Amino acid sequence: MECEGISRSFRNYVDNKSTDTIVKTKRTEILEKKKAIDDVIKAASAHKDPLSAFPAFRFYSRHGMSMYLESGRGDKLSAPVKKYIQNLLKVNMERHYGSQWPLEEKVKRREMAAPEARYIFVYEVPNGSPCETSKTSDGKRTITNCLVDRGTMVGFAHFRFVREEGIPVLYVYELQLEARVRGMGLGKFLMQLLENIAQKSDMGAVMLTVQKSNFGAINFYTSVLSFYP
Ligand SMILES: CC(C)(COP(=O)(O)OP(=O)(O)OC[C@H]1O[C@@H](n2cnc3c(N)ncnc32)[C@H](O)[C@@H]1OP(=O)(O)O)[C@@H](O)C(=O)NCCC(=O)NCCS
């Protein structure tokens, strides 16, 4: 038994030596790749204001309404903003989760304030707020600059830079607008901004999850924005 064991052990040792080298090389490659992805995610997450690279996305005007966009982070949310997010999530999402909602609400509350959570907040600029308008250099878009009052919040996007299926992705955790500002292109505008942020941050994709019962959102993401399951 012992001899058999040793000899098997020896053969195993010889076999293992070559296998071990291959495994080690592969492991090193995998670890290096993982580190490179983690570095990309770290760099993206370290950016203080991902919106700053896209000044044309700071403001949005449609149907006589003007919106102002601002970025934020989960660990810097004020109490009123937390309350606002919770309320809007409840109003928009409770029916999609049904009896699962109390549990899901707790999960969302935790996710909301996580240090890795990144936000784009949308504020309605009140009428009469002093704004300057100017054209971008290509003359295609008007930039409105409202310096005084950023008004009341009307929606938000919560996103994170994470690794999914081996690639760095911008994961959209939430895209939530109040009913009164839907259907005027704001959702599309925010998703375009998130895609721009993802590209600029070297993310390989934009990902999100939608409740199966949320037909409107599924249509929005798949038919309008060409997301695929
Ligand atoms: C889903 C949501 C973000 C879309 O934003 P929005 O500002 O209303 O969408 P837009 O005005 O940019 O719409 C863009 C296009 O999508 C279509 N669309 C948007 N929402 C739709 C809906 N609920 N049902 C069918 N089509 C919809 C619009 O008809 C529009 O088409 P068009 O470009 O041909 O005119 C918004 O409706 C919302 O906040 N819903 C409640 C929360 C939610 O379900 N969030 C998604 C889950 S994370």
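Reader: Which element gives the most to the shell around the ligand?
Author: α5 does, with five residues. Helices (H or I, at least four residues) and strands (E, at least two) are DSSP runs, numbered from the N terminus. Bear in mind that this is a predicted model, where local features need pLDDT of at least 70, side-chain atom pairs count only at pLDDT 80 or more, and totals for chains, interfaces and linings use all residues. Residue numbers start from 1 along each chain as its sequence is written.

Reader: OK, and which residues come nearest to the ligand?
Author: Leu-177, Arg-182, Gly-187, Lys-188 and Gly-216, out of 19 residues around the ligand. Being near means a C-beta atom, placed from the backbone, within 6 Å. Two or more shell residues each come from β7 (167–177), α4 (186–200) and α5 (215–224).

Reader: Zooming out, how many helices and strands does the protein chain have?
Author: Five helices and eight strands. Starting at the N terminus, the order reads α-β-β-α-α-β-β-β-β-β-α-β-α.

Reader: What about the largest nonpolar core, how many residues are in there?
Author: The largest nonpolar core has 34 residues, and Met-67, Ile-120, Ala-157, Leu-170, Leu-190 and Leu-194 have the most contacts inside it. Such a core is a set of buried Ala, Val, Leu, Ile, Met, Phe, Trp, Tyr and Cys residues joined through C-beta atoms within 7 Å.

Reader: Which element gives the most to this core?
Author: α4, with seven residues.

Reader: And what is Met-67 in contact with, leaving aside its neighbours within four places in sequence?
Author: Phe-59, Tyr-60, Val-122, Tyr-123, Glu-124, Val-125, Val-154 and Leu-186. A contact is a C-beta pair within 7 Å. Across the protein chain, residues 24 or more positions apart make up 67% of the contacts with a separation of 6 or more.

Reader: Switching to backbone angles: what is phi of His-63?
Author: Phi of His-63 is near 50°, which is positive in a residue other than glycine. His-63 sits in the loop between β1 (59–62) and β2 (65–73).

Reader: Is His-63 buried or exposed, and why?
Author: His-63 counts as exposed because it has 8 C-beta neighbours inside 10 Å. The cut-offs are 20 or more other C-beta atoms within 10 Å for buried, 12 or fewer for exposed, and partly exposed in between.

Reader: Where is Glu-165 found?
Author: In the loop between β6 (152–164) and β7. Phi of Glu-165 is near 50°, again a positive value in a residue other than glycine. Glu-165 has 8 C-beta neighbours inside 10 Å, so it counts as exposed.

Reader: Last one: what share of the protein chain counts as buried?
Author: 19% of its 229 residues.

Methods. Two residues are in contact if their C-beta atoms, placed from the backbone, lie within 7 Å.
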